[in-house]
Amino acid sequence: MKILALESSCDETAAAVVENGRTVLSSVVATQIERHKIFGGVVPEIASRMHAEAISEVTRQALEQASCKLSDVDAVAVTYAPGLIGALLVGVNYAKGLSLSSGLPLVPVHHLRSHIAANYITHPDLEPPFLCLVVSGGNTLLVHVRDYTDFQVLGRTRDDAAGEALDKAARAMGLPYPGGVHLDKAAKDGNDKAFSFPHPHVEGSPLDFSFSGLKTSVVNIIHNANQKGETVPVADLGASFLRAVVDSLVSNTQKALQTLPVTKKLVLAGGVSANSVLRADMQQLAKRTGVDLYLPELSLCGDNAAMVGAQGYYEYLAGKRAGMDLNAFATMPITEE
């Protein structure tokens with residue numbers, strides 16, 4: 001079964017053709033990074049306009065690379081939540097047009113479910129149930145994936161997402177956009193014990209996360225140094241901040257593993273899953289706890305349509321369909337049906 005998938009939730013316009021949820025026949029991504037770099041972050045209005053300009057061409061390329069015509073695919077899958085509302089609407093409306101004109105069924109796909117499904121492409125042998133840490137710019141979740149479309153949230157951030165904290169800390173340090181990527185690179189040459197950061201805990205909810213305090217701490221360090229005319233060692237500060245964020249992620253993941261003793265599979269997903277420190281520490285955690293670790297291929301960590309096609313396949317099998325009244329949503333829990 002072949003699915004044409006579309007993704008436009010943030011600043012990547014993407015299309016892909018995926019077969020049976022595991023085999024990527026084509027994957028095309030048009031990035032907007034250079035356009036948003038001058039602003040230090042994604043400008044929603046610009047993102048929406050660039051999606052509208054690119055979506056037809058990336059779809060054409062995806063079909064061509066897969067040696068397919070629209071009539072050769074079995075369904076159209078599209079990200080409809082969560083994300084930037086204007087950006088999402090471009091993909092949703094384009095997918096609705098394709099569905100209406102071709103008669104193909106329309107499958108709405110949750111963005112975070114797609115990030116988890118990226119691992120089905122990287123690891124064809126991976127099957128639920130498993131524990132997944134989803135870490136992205138807008139979300140941080142610990143999820144018990146009971147089945148392909150059955151999710152239980154065990155822990156979530158109470159404020160900022162880990163990726164958002166990394167991006168904002170990087171910006172405060174003067175690093176270019178996208179901040180998280182450049183922070184990871186800068187931290188490689190730093191001393192992660194040079195600065196002390198709090199290790200936040202949420203009282204009464206041991207699996208929940210909080211990163212706003214960490215973000216405030218790094219901004220205060222930089223402001224205090226500037227007021228004294230001192231230069232902050234970016235590599236050391238970045239390494240120390242990254243260490244505090246990763247320690248929080250790994251600590252809660254270990255606690256979650258203890259609550260799910262029957263689960264011997266641990267999965268990492270989301271844009272921040274490309275971070276080298278997080279990947280290394282998760283490998284150490286897996287070794288300590290005796291679980292099998294599944295990491296997405298680096299090319300599948302960021303937003304792409306192949307992961308939408310992978311999850312779309314399982315949503316289709318579960319009977320999920322949408323009509324021409326499908327709307328986009330800026331926020332939506334991963335458990336939404």
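The structure is a predicted model, in which local features need pLDDT of at least 70 and side-chain atom pairs count only at pLDDT 80 or more, while totals for chains, interfaces and linings use all residues. Residues are numbered from 1 along each chain as its sequence is written, and side-chain values use heavy atoms, with hydrogens and water left out.

Rings of Phe, Tyr and Trp (its six-membered ring) pair if their centres lie within 6.5 Å; planes under 30 degrees apart count as stacked, over 60 as edge-to-face and the rest as tilted. By this rule there are eight aromatic pairs. Among them, Tyr-120 and Tyr-148 are edge-to-face, because their ring centres are 5.2 Å apart and their planes stand at 70°. Tyr-120 belongs to helix α4 (residues 111-122) and Tyr-148 to the loop between β7 (140-147) and β8 (150-156), so the pair ties together parts 28 residues apart in sequence. Helices (H or I, at least four residues) and strands (E, at least two) are DSSP runs, numbered from the N terminus. Ring pairs link Tyr-120, Phe-130, Tyr-148, Tyr-313 and Tyr-314 into a cluster.

Phe-197 and Phe-241 also form an edge-to-face pair, at 5.6 Å centre to centre and 80° between the planes. Phe-197 lies in the loop between α6 (179-187) and α7 (212-227) and Phe-241 in helix α8 (residues 234-259), so this pair ties together parts 44 residues apart in sequence. Phe-197 is buried at 7% relative accessibility, and Phe-241 is buried at 0%.

Notes:
Buried means under 20% relative accessible area, exposed over 50%, partly exposed in between (1.4 Å probe, protein chains only).
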